[in-house]
Amino acid sequence: MAHTVDTSSASTSRLDLAKMRKIALASVIGTTVEWYDLFVFGTASALVFNKIFFPSFDPIVGTMLAFGTFASAYIARMVGAIIFGHFGDRLGRKSMLLVSLLTMGAATFAIGLLPDYNSIGIMAPLLLLFLRVIQGLALGGEWGGAVLMTVEHAPPARRGFYGSLVQVGVPAGTLIANVAFLIVASTVSTEALYSWGWRIPFLASVLLVTVGIYIRLHIEETPSFQAVKTAGAKAKMPFAALMAKYWKQVVLGGVATLSTGSTFTLLVASGVSYGKKELGHSESLMLWVVLASCILGLFLIPFFGKLSDKFGRKPIIFAGVAAEAALAFPMFWLMDTKSVALLFVAYLAMMTAFCANYGPIATFLAELFGSKVRYSGLSVAYMLSGLLGSAATPFVTTWLLGMTGQSSSIAWYIMAAAGLSLVALFLLTETRYGNIDAVDEAPAAAGSSSTGSSATETAAAQ
């Protein structure tokens with residue numbers, strides 16, 4: 001049975017391959033910078049912030065306060081998604097990408113200059129919290145714009161692949177952030193690390209930001225936004241228009257993406273903490289396991305994105321989420337053997353499942369919404385998933401482990417998150433065949449109607 005394809009006028013003049021690669025590179029670098037800035041804060045929270053910004057508290061309380069400051073960014077990300085989504089749908093994708101990258105870079109650089117608690121007292125953690133919130137606001141706008149810059153420019157048959165390249169920023173940013181702290185921690189004394197060494201990874205981010213801004217200044221606005229602009233169809237209040245027409249897609253999209261956050265947080269935070277505290281592995285070993293997993297992710301995320309162009313978004317994402325659920329218990333069984341080799345096997349297997357889930361999800365979410373509110377819809381749905389998954393997972397898993405003393409409690413939590421995502425994913429429509437330049441309709445719906453396809457054909461795209 002024939003499927004619908006992109007047939008709008010805006011889609012007929014796609015960029016050549018060289019320009020498409022430039023746009024993809026700009027998005028990958030930008031998101032890598034943003035996630036680097038976000039994760040370098042998380043690494044610093046675990047290693048030094050409890051001592052230099054919260055020294056008057058009990059060590060455990062200080063660490064919790066440091067992680068609480070870390071978690072505050074997730075609420076700010078939702079606010080940033082709404083704010084940047086509004087202007088992204090009103091003014092364009094490119095301008096918001098530049099603003100978000102500059103904002104993130106400025107906040108991260110400023111953290112590297114902050115006086116510690118011994119210098120200015122309570123103002124130190126308050127300023128840290130303020131700058132963390134600014135980071136969250138920036139990321140809330142950055143990710144959605146970067147995805148749209150690639151997906152809305154991409155050839156119809158390769159949207160999944162190019163959208164997945166933006167997702168590479170998560171393992172790449174994590175990898176660079178951990179390597180940066182590893183280098184600093186291994187080259188300076190402990191005293192120097194707490195005095196000034198921790199500042200280097202924050203201050204160094206200005207170099208990455210400069211590269212990202214330079215590349216983004218030389219890319220074009222997307223055809224989809226140009227179509228909205230030409231049609232005079234910009235929404236006056238994009239978020240209100242989004243929730244009036246697409247609230248189900250926002251909620252279901254956020255829940256469908258929930259398991260990506262819980263699984264990745266398990267790999268880089270909860271699993272690391274379990275390996276160190278419960279199994280007695282060294283911090284350096286757990287760091288190397290995470291780094292190996294992130295390197296694998298750099299290759300597998302685009303691989304699964306490419307597969308989604310061939311088989312559809314939902315089948316690949318569904319397989320990834322199901323694999324996350326299936327591996328939840330085996331991962332801890334392997335870890336509990338305390339074998340280093342099996343520890344790597346456990347992590348790499350779960351990372352593979354995560355990549356199948358995470359690779360196509362950006363394109364899938366983008367294709368759920370019409371062009372006039374897509375920036376808002378994509379950003380809010382994704383940041384909702386972060387609030388439900390990434391932000392909650394460290395606290396929930398720590399509480400579960402403390403209450404039960406059993407790793408099985410964490411496995412059940414991962415399975416529950418995956419189960420919710422599978423249900424939400426089942427209720428959403430396959431989007432692979434839609435018209436990405438549709439202004440007033442989601443691509444799948446517009447793709448069906450634009451060619452006069454029957455209800456049978458529409459159902460075939462489910």
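Colleague: What makes the largest nonpolar core a core, and which residues have the most contacts inside it?

Modeller: A nonpolar core is a set of buried Ala, Val, Leu, Ile, Met, Phe, Trp, Tyr and Cys residues joined through side-chain atoms within 4.5 Å, where buried means under 20% relative accessible area, exposed over 50% and partly exposed in between, with a 1.4 Å probe and protein chains only. The largest such set here has 123 residues, and F49, W143 and Y347 have the most contacts inside it. Its largest share, 15 residues, comes from helix α1, residues 17–52, helices being DSSP runs of H or I with at least four residues, numbered from the N terminus. This is a predicted model, in which local features need pLDDT of at least 70 and side-chain atom pairs count only at pLDDT 80 or more, while totals for chains, interfaces and linings use all residues. Residues are numbered from 1 along each chain as its sequence is written, and side-chain values use heavy atoms, with hydrogens and water left out.

Colleague: How do you know that C294 is in no disulfide?

Modeller: A disulfide is a pair of cysteine sulfur atoms within 2.5 Å, and the nearest cysteine sulfur to that of C294, belonging to C355, is 9.2 Å away, so C294 is in no disulfide. The search of the whole structure finds 0 disulfides.

Colleague: Why is C355 called buried?

Modeller: Its relative accessibility is 0%, which is under the 20% limit, and therefore C355 counts as buried. C294, with a relative accessible area of 1%, is buried as well.

Definitions and conventions. Helix = DSSP H or I, 4+ residues; strand = E, 2+ residues; numbered from the N terminus.
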